[in-house]
Amino acid sequence: MSGIYIHIPFCKQACHYCDFHFSTSMKKKDQLISALAKELELRKDEFKNTTVETIYFGGGTPSVLSTAELQYLIDAVYLNYKVIDDSEITLEANPDDLNEDVIMALAKSPINRLSIGIQSFFEKDLILMNRAHNAEEAKLCLQLATQYFDNISLDLIYGIPNSTNAEWLENIQTALSFGVPHISSYALTVEPKTALASFIAKGVIDNVDDDLAHEQFHILIEALAQAGFDHYELSNFGKKGFYSKNNSAYWLGKPYLGIGPSAHSFNGNERAWNVKNNTIYITKINQEQLPLEVEVLSLNDKYNEFVMTGLRTIWGVSLTAVEKQFGKPFLEYLLQQANQYVNKQMLYIEDNNLKTTKTGKFLSDGIASDLFMLN
């Protein structure tokens with residue numbers, strides 16, 4: 001089983017914190033959509049021995065495409081790949097794109113899961129982040145979407161400068177009031193070369209506060225646990241039966257194909273990524289050339305990835321799998337490196353799986369780097 005990720009590199013406006021690849025000009029939209037369909041065709045042999053379980057439209061803002069344009073790309077997947085009957089087809093969407101007519105049209109399409117970029121229900125937060133929607137639109141779109149879709153995820157951001165813990169709890173409770181079965185939540189991070197980084201450097205916006213983010217992360221865990229959500233991955237919370245199949249495939253090391261400019265692919269042995277430039281991408285694809293770079297993963301790389309993704313999840317790192325896939329020296333090294341964190345009660349072993357404790361969860365990426373095998 002495998003997944004296909006399709007990157008739609010267009011946005012109405014640039015969020016201040018975002019460092020993903022996108023363009024605010026729609027001039028090349030038609031050419032790019034044709035190129036995406038063409039890349040799907042050019043790469044079909046990479047998945048000739050596997051079936052597709054998930055299709056994920058990410059971005060950018062995929063909801064700037066019409067339902068007909070999305071259908072055209074879904075048809076291109078079905079034409080070139082073997083897709084299972086009950087595949088999960090997710091569309092990332094912004095609230096300002098989701099009026100009732102659009103939601104009704106999407107509900108009639110093969111898309112069966114919406115991932116809605118709410119980020120906050122507070123106007124001041126949305127202005128600080130330069131989101132294209134307002135708080136009223138966020139609530140209205142959820143009210144409508146939940147009438148037509150059962151499988152909805154929403155995104156929330158914590159650790160926003162000058163936000164309080166009380167406001168953060170209100171954000172979570174507002175999200176829960178719509179009865180959505182999945183929430184993805186991320187700490188606001190300051191990426192280099194973003195508007196946010198520039199505003200912080202000039203003193204226009206306060207810097208993010210790691211202690212505040214840490215507190216709000218624990219408020220999130222408590223509130224969602226009480227509401228019956230499983231914390232199945234560092235940033236992801238789902239009710240039973242509503243974990244994201246697409247994202248779970250990444251964390252469980254399944255192969256995936258990334259289509260579109262800047263999209264990443266993984267086949268178990270190699271990682272590949274497409275050029276981060278819409279014009280070059282379109283030109284190369286039209287010449288039937290794949291605009292990608294490939295990195296062959298060493299045994300150490302594969303082990304490091306296995307440890308990092310495993311520690312982020314509810315399933316942990318399987319010690320049996322480490323020994324089987326990488327050999328006994330890797331297992332011994334892992335246990336030796338993990339020992340200090342077991343003693344600090346940040347890691348523990350359960351059913352031969354190495355997992356993070358509640359304290360260790362927020363620091364899992366940092367802990368993982370100490371367990372890496374250096375080249």
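Let's start with Ser-235, which sits in the loop between β7 and β8; here helices (H or I, at least four residues) and strands (E, at least two) are DSSP runs, numbered from the N terminus. This is a predicted model, in which local features need pLDDT of at least 70 and side-chain atom pairs count only at pLDDT 80 or more, while totals for chains, interfaces and linings use all residues. Residues are numbered from 1 along each chain as its sequence is written, and side-chain values use heavy atoms, with hydrogens and water left out.

**Around Ser-235**

- Ser-235 counts as buried, at 9% relative accessibility; buried means under 20% relative accessible area, exposed over 50%, and partly exposed in between (1.4 Å probe, protein chains only).
- Leaving aside residues up to four places away in sequence, Ser-235 touches Ile-183, Ser-184, Ser-185, Tyr-186 and Arg-312, where contact means heavy atoms within 4.5 Å.
- From Ser-235 to Val-102 the C-alpha separation is 28 Å, and these two residues are 133 residues apart along the chain.

**Salt bridges**

- You will find 15 salt bridges in the structure, each defined as a side-chain nitrogen of Lys or Arg within 4 Å of a carboxyl oxygen of Asp or Glu.
- One of them joins the side chains of Lys-240 and Asp-230, at 2.4 Å from N to O.
- That pair links distant parts of the chain, ten residues apart: Lys-240 lies in the loop between β8 (236-238) and α9 (245-251), and Asp-230 in strand β7 (residues 230-233).
- Lys-240 is exposed, with a relative accessible area of 64%, whereas Asp-230 is buried at 17%.
- Another salt bridge brings together the side chains of Glu-233 and Arg-312, at 2.6 Å from N to O.
- Here too the pair links distant parts of the chain, 79 residues apart, with Glu-233 in strand β7 and Arg-312 in the loop between α11 (299-311) and β13 (317-318).
- Glu-233 is buried, and its relative accessible area is 1%.
- Glu-350 and Lys-355 meet through their side chains in a salt bridge of 2.8 Å, N to O.
- In this pair, Glu-350 is partly exposed at 34% relative accessibility, and Lys-355 is buried at 14%.

**How α3 and α5 pack**

- Helix α3 (residues 100-108) and helix α5 (residues 135-148) have axes that come within 10 Å and cross at roughly 25°; axes are lines fitted to C-alpha atoms, for helices over the stretch in contact, and angles run from 0 to 180 degrees between N-to-C directions.
- The two helices are therefore roughly parallel to each other, the word for angles under 35 degrees, with over 145 counting as roughly antiparallel, 65 to 115 as roughly perpendicular and the rest as oblique.
- On the α3 side, Glu-100, Ile-103, Met-104 and Ala-107 meet Cys-141, Leu-144, Ala-145, Gln-147 and Tyr-148 of α5.
- These contact residues divide into seven nonpolar, one polar and one charged; Ala, Val, Leu, Ile, Met, Phe, Trp, Tyr, Cys and Pro count as nonpolar, Asp, Glu, Lys and Arg as charged, and the others, Gly among them, as polar.

**Positive phi values**

- Ser-262, a residue other than glycine, has a positive phi near 75°.
- Ser-262 belongs to the loop between β9 (256-259) and β10 (264-266), and is buried with a relative accessible area of 12%.
- Asn-352, also a residue other than glycine, has a positive phi near 65°.
- Asn-352 falls in the loop between β14 (347-350) and β15 (353-356), and is partly exposed at 39% relative accessible area.
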